[in-house]
Amino acid sequence: MSDSRPAGPAAVELHSATIGYGDVAIVRDVDLTIGAGEAVAVLGSNGSGKTTLARGLLGLATVLGGDVRVLGAPVGGLRERGRVGYVPQRHTVSGAVPATVREVVGVGRLARLGLLRRLRPADRAAVADAVAEVGLADRLDDPVASLSGGQQRRVLVARALAAEPELLIMDEPTAGVDSASQESLATVLARISAAGTTLVVVTHETAPLAGVLRRAVVVDHGRVVHDGPLSQAAAHEEPGMHHHPPGREPGGYRQDQPTVTTRSRRPGDQEH
Ligand SMILES: Nc1ncnc2c1ncn2[C@@H]1O[C@H](COP(=O)(O)OP(=O)(O)OP(=O)(O)O)[C@@H](O)[C@H]1O
Ligand SMILES: [Mg+2]
C-alpha cells in the first residue's frame, strides 16, 4: 500500500471482489486499492488470474461478487471514454481489417475524443508522438499486418499512449519485445507516471520496469498473496509457483536476474 496516496477517488478499488467468466470464479475475494498516480506491477505464475483481474477492471470479465470501482465509478459506469487505457495480452493487431500503424493508433486517440469526432492536428501529432515513442516512426504508414509480432505489441502500446489515459492497464507489454524496446517503454512509462498517470502493469519481466513500478501485487490461484514494494516481491514468486506450458521459456520472472530477459514469442504463441 502506498503511504502517500493523494486525496480523491482511488484509481482502482476492489472490495471482496470475485471476478470470472460465466459463473466460474477465477479471481476470488480480492481487496485492493491503487491510489491515483501509483505504478503497480501485477505478478504471478501462468494461470494465476492476472489477466482476469485486469479484464475485470475493464468490464471484459464478469464481476461475480463484491465491488470493483475504477476511477471512482463502478466497472462499466465511466462516462468519459479514453480515461482508461488498455494493452491486452493476447492480441496482435493483424485482423480482418487492413489498417496502417497510424490508423490503429489513431483509434486510440479517437477513444479519448469520442468516436464521432475527427482528429485535429494536435491529435495527429499525439498519434505520431506515440508511435515515435515506441520506436516505430518509420513504420507509420505501413499496414500493421506487415509488422512483426513484437512490433505489433508496440503498436498496441502506442494506441494506449495516444489516448493519454488517466489509468493505463497493460497486460505483459514487454512480452516478445526486444530489450531496446523494453528500455524505451520503461522511459515512456516513467515519463507518464511522473506526470500522474496511474499504471497497472501485468508482467513476468520486472527487471526492465523496476525503476518505474514501485509496488507489486502478487496473484496466486486467484488470490492476492503479496502486496508491497516490488523489491520485496521476489520471495513470493517461488520457482515452484510456476507451471509453464511445455515449450515455453520461463521468461524473466526473477528479480535477482541481472540481465533483461528477452522472450521471443512468435505470433502463433499469442493465443488468439
Ligand atoms: N475467457 C475465459 N473463460 C473461461 N476461463 C478462462 C478464460 N480466460 C482465462 N480463463 C481461466 O482463468 C484462469 C486464469 O487465467 P488468466 O488468463 O487470468 O491467467 P494469467 O495469470 O493471466 O496467466 P498468464 O501468465 O499465462 O497470462 C485460467 O485457469 C484460465 O483457464
Ligand atoms: Mg495473462
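A polar contact is a pair of N or O atoms within 3.5 Å; within protein, one atom must be able to donate a hydrogen and the other to accept it. In this predicted model, such a contact joins the side chain of Gln 89 to the side chain of Glu 172, at 3.2 Å. Gln 89 lies in the loop between β6 and α2. Glu 172 lies in another stretch, the loop between β7 (167-171) and α5 (179-194). Gln 89 has a relative accessible area of 9% and is therefore buried, since the cut-off for burial is under 20%. Glu 172 is at 3% relative accessibility, so Glu 172 also counts as buried. The backbone of Glu 172 deserves a note. Its phi is near 55°, a positive value in a residue other than glycine.

Gln 89 also takes part in a metal site. The magnesium ion (ligand 2) is coordinated by Gln 89 through OE1 and by Thr 51 through OG1. The distances are 2.0 to 2.1 Å. These two residues link distant parts of the chain, being 38 residues apart. Thr 51 belongs to helix α1 (residues 50-57), whereas Gln 89 sits in the loop between β6 (84-87) and α2 (101-113). Both Thr 51 and Gln 89 are buried.

An N or O atom in the side chain of Thr 51 is 2.8 Å from an oxygen atom of ligand 1. For the side chain of Thr 52, the corresponding distance to an oxygen atom of ligand 1 is 2.6 Å. Ser 48 contributes through its backbone. One of its backbone N or O atoms lies 3.2 Å from an oxygen atom of ligand 1. Taken alone, ligand 1 exposes 630 Å², and the protein buries 65% of that area.

The shell around ligand 1 holds 14 residues. Asn 46, Gly 47, Lys 50, Thr 51 and Thr 52 come nearest. By class, the shell divides into nine polar, three charged and two nonpolar residues. Helix α1 supplies the largest share of the shell, with three residues.

The strands come next. Strands of a sheet pair through backbone hydrogen bonds, either parallel or antiparallel. Strand β3 (residues 39-43) shows the parallel sense on two sides of the pairing list. With strand β8 (residues 198-202), β3 pairs in the parallel sense over four bridges. With strand β9 (residues 215-220), β3 likewise pairs in the parallel sense over four bridges. Val 40 stands opposite Val 200 in β8. Val 40 also stands opposite Arg 215 in β9.

A separate arrangement is antiparallel. Four strands form an open sheet in the order β2-β1-β4-β5. β2 and β5 (73-74) stand at the edges, each with a single partner strand, so one side of each is left without a neighbour in the sheet. Strand β1 (residues 12-21) and β2 pair in the antiparallel sense over seven bridges. Within this pairing, Val 30 of β2 is the bridge partner of Ala 17.

Val 24 is found in β2, which spans residues 24-34. Val 24 and Thr 62 are 38 residues apart along the chain. Their C-alpha atoms are separated by 9.3 Å.

A positive phi also occurs at His 221. The value is about 50°, although His 221 is not a glycine. His 221 lies in the loop between β9 and β10 (223-229). Is His 221 buried or exposed? Its relative accessible area is 60%, so His 221 is exposed.

Terms used
Residues are numbered from 1 along each chain as its sequence is written. Chains are lettered from A and ligands numbered from 1 in the order in which they are written. This is a predicted model: local features need pLDDT of at least 70, side-chain atom pairs count only at pLDDT 80 or more; totals for chains, interfaces and linings use all residues. Side-chain values use heavy atoms; hydrogens and water are left out. Donors are N, O and S atoms within 2.8 Å of the metal (3.2 Å for Na, K and Ca); water is not among the atoms, so sites may look incomplete. Buried means under 20% relative accessible area, exposed over 50%, partly exposed in between (1.4 Å probe, protein chains only). A residue is near a molecule or strand if one of its heavy atoms lies within 4 Å of it. Accessible areas come from the Shrake-Rupley method with a 1.4 Å probe; for residues, only the protein chains shown count as cover. Ala, Val, Leu, Ile, Met, Phe, Trp, Tyr, Cys and Pro count as nonpolar, Asp, Glu, Lys and Arg as charged, and the others, Gly among them, as polar. Two strands pair if DSSP finds at least two bridges between them.
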